[in-house]
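Colleague: I am new to this one. Could you show me how to read it?

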Amino acid sequence: MIAEDLISEMLALFAERPAGLLSDIDGTLSKIAPRPEDAIVDATTRDVLRLLRRRLDLVGVVTGRAAHDAEHMIGLNELVYFGNHGMERLEDGSLTAVAAARPFVAAIAETLNAVRQRYPGPIVLFENKGVSGSIHFRLTADPSLVQEELLEIVAPLARAANLHLTLGRMIIEIRPPVRANKGTALTEIVEERKLRSLVYLGDDLTDLDAMWALRQLREEGKINGLSIGVLDVESPVEIAETADRTVMGVDGARALLMELANRLAGSEVLSIDDQTGSSG
């Protein structure tokens, strides 16, 4: 059940135009999967995003995935895709990347390969995304222990290559030392599109950058914004502490966006029962 006061707050916010909505994907629009390639955005969520794009001035995603991967996963070319935690932007088929990140592509690949050689095994997954890399250990029997073991290996390698590490939900991210994150991506699009209102949804530690950026823009009087934390049993406590409002899980986020889309459309045009796509 979606709180009526939250819907009312969002509708009032979106009365200020131009208006936009940005969201993370994994853990927000798509349920976390054991392997990154197994995650899907279901047909219902896709239809909701399509309808929201018709009603709002901007709808986009800000994700740790590569931008092209995110577009393939959602399947809507009318959205703006910020990939690799804001280091890539895909819009109207055109991909751009933060120039300062490109010189580190080789170092990221070499670091991933070095860790793979020292920590072999099919249950630890290594993902090279070009300007960033990910090490996934969700499939391991003791993720906390594996995280410690992996960090002992990857941390000195990253320091030697002048790379940064960030942690997420059973994932270690290897990133270049550039000032680009979900918060800079959010700020960039707000300023570029001259947005007056924005809602951001996210579930993991890297989403905090976007939530903090939105709060700063709001405090500076540049935008009327609302951050929504998507919570489940794995959620970092910082998300609930930082987000303006929260919903429970991917299902809660989908229900919220569906209700919002229907209200903006002026009628009940979508329902979960109308769709056959399966959640993943």
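This is a predicted model: local features need pLDDT of at least 70, side-chain atom pairs count only at pLDDT 80 or more; totals for chains, interfaces and linings use all residues.

Colleague: How many helices and strands does the protein have?

Modeller: Helices (H or I, at least four residues) and strands (E, at least two) are DSSP runs, numbered from the N terminus. Here there are 9 helices and 12 strands. The radius of gyration is 19 Å, close to the 19 Å that the globule rule gives for 280 residues, so the protein is as compact as a globular protein of that length. That radius is taken over C-alpha atoms, and the rule is 2.2 Å times the number of residues to the power 0.38. Along the principal axes, the C-alpha atoms fill a box of roughly 55 × 35 × 35 Å.

Colleague: How do I read a helix pair?

Modeller: Two packed helices are described by the angle between their axes and the distance between the axes. Axes are lines fitted to C-alpha atoms, for helices over the stretch in contact, with angles from 0 to 180 degrees between N-to-C directions. Take α2 (residues 43–55) and α9 (residues 249–265): their axes come within 9 Å and cross at roughly 40 degrees.

Colleague: Which residues of α2 and α9 make the contact?

Modeller: Contact means heavy atoms within 4.5 Å. From α2, they include Val-48, Leu-51 and Leu-52; from α9, Leu-257, Met-258 and Leu-264 are among them. By class, the contact has 9 nonpolar, 2 polar and 2 charged residues. Ala, Val, Leu, Ile, Met, Phe, Trp, Tyr, Cys and Pro count as nonpolar, Asp, Glu, Lys and Arg as charged, and the others, Gly among them, as polar.

Colleague: And empty space?

Modeller: Rolling a probe the size of a water molecule over the atoms shows where empty space is left. On a 1 Å grid over the protein atoms alone, a pocket is an open set of points where a 1.4 Å probe fits, with protein on both sides within 12 Å along at least five of seven lines; lining residues have an atom within 4 Å of a point. Points are joined across faces, edges and corners, and a volume is the space filled by probe spheres set on them.

Colleague: What volume does the largest pocket have?

Modeller: About 220 Å³. Among its 13 lining residues, Arg-179, Gly-183, Thr-187, Ala-213 and Gln-216 are the closest to its centre. Helix α7 gives the most to this lining, 5 residues.

Note on methods
Residues are numbered from 1 along each chain as its sequence is written. Side-chain values use heavy atoms; hydrogens and water are left out.
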